[in-house]
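The stops below come in an order you can follow.

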Amino acid sequence: MVNRDSDAQTAKRITTLSMLVAIGSVMYLLESLIPFPLPVPGGRWGFSNFVLLLAVNGLSLRDTLYLAIGKTVVGGLLTGRLGTPGFIMGISGIVASALLMWLLSRSRLFGMAGVSLAGAAVSNLVQLFVAAWLIVRSGEILYLYPYMLLLGSISALINAYIAHEVIRRIGDTIWFD
Amino acid sequence: MRFLGKLDWLIIVILILTSIILFIPRRQSATIAEIYHDGRLVMTVDLRVDSQFNLEGMKIAVSGGRISVVDSDCPDRICVNQGAIDRPGMPIVCVPNRILIKIPAGYTQLDAITQ
């Protein structure tokens, strides 16, 4: 697809990606103001991830990963968390969940809610594994997983609903002419 | 893309089962005991490792996650008679030796990480 892109398609792709990165970064900044009740370093609700739900429906895997990394890095800059342990956990989780959500979405077997829930569950799991192996160097932090799963599922369902409404209202026009 | 797809119930069931399995309460046993002498923390003992040591004329033992004073040179030996403790609550106190052994409340394995 990339090699055959016309100039208009390239412009469209860049615009869509930039817009989603911008929305995702601002959501990342805003959601970091919402208190997160678990003692996880850099713990966040994950509302910024709804842009990924929009992306997996129409963007290529490469662009989805660009978006995942882009919004986390820009959001990290805005919140001053770039490079902190919480940021490293977050970006690992987001890349893993973007990959999974893209695959689930392309399988055409799952709805928005399923893709979102699975993405959140995998994101939390990868975050805690990264924390257990690289940061606190102890498996005990994995005891937090059920609590993160519960909170993550709440925001995942909210994200799925937002993404579903956005696509229902504007159709596929953000990806295709 | 629909809000709920054909196989979404599968993901939901997996997540619910995972939560139920992980939420099954496990006994959160205490992992450390603190020993104070004259009100100052002099020692933190890992309850997960069996050990035995002497302190201020007392012989203190850790066995199976419980800590006890097995022998003491004090006259009344209340600390020895109290037996072993394995949870927050009643500390072992030896007044003649000015020793207090307690298991801090709320200090679970999880807290050991997050602190």
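Two strands pair if DSSP finds at least two bridges between them. Helices (H or I, at least four residues) and strands (E, at least two) are DSSP runs, numbered from the N terminus.

This is a predicted model, in which local features need pLDDT of at least 70, side-chain atom pairs count only at pLDDT 80 or more, and totals for chains, interfaces and linings use all residues; side-chain values use heavy atoms, without hydrogens and water. Residues are numbered from 1 along each chain as its sequence is written, and chains are lettered from A and ligands numbered from 1 in the order in which they are written.

Select chain B. Its mean pLDDT (the predictor's confidence in each residue, from 0 to 100) is 80, and 84% of its residues reach 70 or more. The model scores ipTM 0.75 and pTM 0.69.

Next, select strand 4 and strand 5 (residues 66-72) of chain B, which pair in the antiparallel sense over 6 bridges. Which residue of strand 5 is the bridge partner of B:Lys59? The partner is B:Asp71. Now go to the hairpin of these strands, with 2 residues between them, where B:Gly64 takes a positive phi near 60°.

Move to B:Glu56, in the loop between strand 3 (51-55) and strand 4 (58-63) of chain B. Phi of B:Glu56 is near 50°, positive although the residue is not glycine. With 42% relative accessibility, B:Glu56 is partly exposed (buried is under 20% relative accessible area, exposed over 50%, partly exposed in between; 1.4 Å probe, protein chains only).

Last, select B:Arg98, in the loop between strand 6 (92-94) and strand 7 (99-102) of chain B. B:Arg98, also not a glycine, has a positive phi near 55°. Its relative accessible area is 46%, so B:Arg98 counts as partly exposed.
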